[in-house]
Amino acid sequence: MKMTRKNNSRGKKKALLLVLLLVICVVATASWLYATDQWPFTHSNTSSGDTSSELSTNTKTETNVNNAEKEAYVNQSKKPETAPKPVEPPTSPDTITLSAEKTGSDVVISTKLIGYAAGTCDVSISNSTKTYQNTADILYQPEYSTCAGFTVPYSQLGSGNWKITLTVTPDGGSSVVKIITAEIP
């Protein structure tokens, strides 16, 4: 008995050509997206209008997003060499945004410093007769800088109205003081 084999060579060639064209299209599209800095290679956009609810959300986002960066910076042995120096360091407390938020067994003090490239942050917190003090370097970021991190153990000061005094001393400038009262449950 003689068996005949059907010749599918032409169908296989078409399928292979179709797959090859599809791969070329995907690679070309990905290359174009990468070259033009398009999705998925872009950074997230930030909104330009701030309201009080957006500030609260931004503070929470800053706390969550920047904690890893702040820890890495604190663990470094030297300051970044590429931080640009502002022409005139800020002199107004309006250039400082300060907030406190209880997260588990700690209270995270969040800062947003406009116009500061390098320097130090000194925080002093009091609640009744209890006090807390700490110093951190300014962590430069292009949009705004922050203090390298203040996480206060909740048990150290307890609940109540915390008076938080932040003194920011930019390199080459005078100290700027921002004071807030934060209700910590």
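The model shown here is predicted. Begin by selecting residues 160–170, which form strand β7, together with residues 176–184, which form strand β8. These two strands pair in the antiparallel sense, and nine bridges join them. Within this pair, select L166 and look across to β8, where K178 stands opposite.

Next, follow the chain from β7 to β8. The two strands form a hairpin, with five residues between them. Select G172 in the turn: this residue has a positive phi of about 80 degrees.

Now move to another group of strands. Select β1, β2 and β6, which make up an open sheet of three strands in the order β1-β2-β6, with antiparallel pairing. Why is one side of β1 (96–103) and of β6 (150–153) left without a neighbour in the sheet? Both strands stand at the edges and each has a single partner strand, so one side of each remains without a neighbour there. Turn the view to compare strand directions: neighbouring strands of this sheet are turned by 20 degrees against each other on average, direction ignored.

Remain in this sheet and select β1 with strand β2 (residues 106–113). Their antiparallel pairing runs over eight bridges. T103 can be found opposite D106 of β2.

Finally, display side chains. Which ring does the charged end of K102 sit over? It is the ring of Y154, with the charged end 4.4 Å from the ring centre. Then select K112 and Y144: K112 lies over the face of Y144, at 4.8 Å from the ring centre.

Methods. Residues numbered from 1 in each chain as written. Predicted model: local features only at pLDDT ≥ 70, side-chain atom pairs only at ≥ 80, totals over all residues. Heavy atoms only, no water. Lys NZ or Arg CZ within 6 Å of the ring centre and 35° of its normal. Pairing = 2+ DSSP bridges. Helix = DSSP H or I, 4+ residues; strand = E, 2+ residues; numbered from the N terminus. Axes fitted to C-alpha atoms, helices over the stretch in contact; angles between N-to-C directions.
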